[in-house]
Amino acid sequence: VVISNDTAYLQSVGRSIVSCYQEGNACYLPSDKVFRIIQVVKGNQSIVGAKDFTANIGDKLVKFPAVSTSGLPLTVASSDLSVAYFQNDSIVLAGIGVATFTISQPGNENYNPAPNMEMKVTVSKGDQTIPFLSNDTVYYGGGTSQLLATSSAGLSVSIESLNPEIVDISNGIVSAKAVGNARIKLTQPGNEYWSAAPELIV
């Protein structure tokens, strides 16, 4: 116990003897000392800020929302590490599904254990897009060229000519069949982690 400006500050668990007296002045003699024993016991703590939430694959690392009222570090366990897990004060999204986080704080020499809390994290497929391809010129009789594209998720994009009589595209190889303008359709169907990208026609 530390006393400052008539206020007692509790520093740790234990017993402290406090003496009180008045020194007196020109009119009064000093008072007798009065002793008091202050017993400081462990404080209670709780976990706050834990709430269920949803996220998508591809989202940035999610800052873990829960903290203990004592400021002591939390222990976090995930029910499914393949969906989401706790790392460096953040939630890492690993796969599709639902993971339940059990949050605990075991206490220390000054605080009792906090009641455990649970928090559900639902992870859904991420959204992806296909980047716009600029219009290119392919010369008739000028050989072939390669046309490859990837989505914002890094997945391969299927490329199809809507005017195969003018431009043929096979496995990303473009060859001119006739003079004219050709439209190209780009698709990415998604996978177990990513939703299908919106179709792009250029």
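These are my notebook entries on a few places I looked up in this structure.

**Ground rules.** I am working with a predicted model, where local features need pLDDT of at least 70, side-chain atom pairs count only at pLDDT 80 or more, and totals for chains, interfaces and linings use all residues. Residues are numbered from 1 along each chain as its sequence is written, and side-chain values use heavy atoms, with hydrogens and water left out.

Entry 1: I started with an open sheet of 3 strands in the order E15-E18-E19, with antiparallel pairing. Strand E15 (158-161) and strand E19 (200-201) have a single partner strand each, so one side of each is left without a neighbour in the sheet. Strands here are DSSP runs (E, at least two residues), numbered from the N terminus, and two of them pair if DSSP finds at least two bridges between them. E15 and strand E18 (residues 184-187) share 4 bridges in the antiparallel sense. I found isoleucine 159 opposite leucine 186 in E18.

**Entry 2: a salt bridge.** Next I looked for salt bridges (a side-chain nitrogen of Lys or Arg within 4 Å of a carboxyl oxygen of Asp or Glu). The count came to 1. Glutamate 160 and lysine 185 form a salt bridge through their side chains, at 3.5 Å from N to O. Glutamate 160 lies in strand E15 and lysine 185 in strand E18, so the pair ties together parts that are 25 residues apart in sequence.

**Entry 3: glutamine 45.** Is glutamine 45 buried or exposed? I noted it as buried, at 7% relative accessible area; buried means under 20%, exposed over 50%, and partly exposed in between (1.4 Å probe, protein chains only). Glutamine 45 sits in the loop between strand E4 (34-40) and strand E5 (47-48). Its side chain makes a polar contact with the side chain of glutamine 105 at 2.8 Å. A polar contact is a pair of N or O atoms within 3.5 Å; within protein, one must be able to donate a hydrogen and the other to accept it, and residues adjacent in sequence count only if both atoms are side-chain atoms. The side chain of glutamine 45 also reaches the backbone oxygen of asparagine 112 at 2.9 Å.
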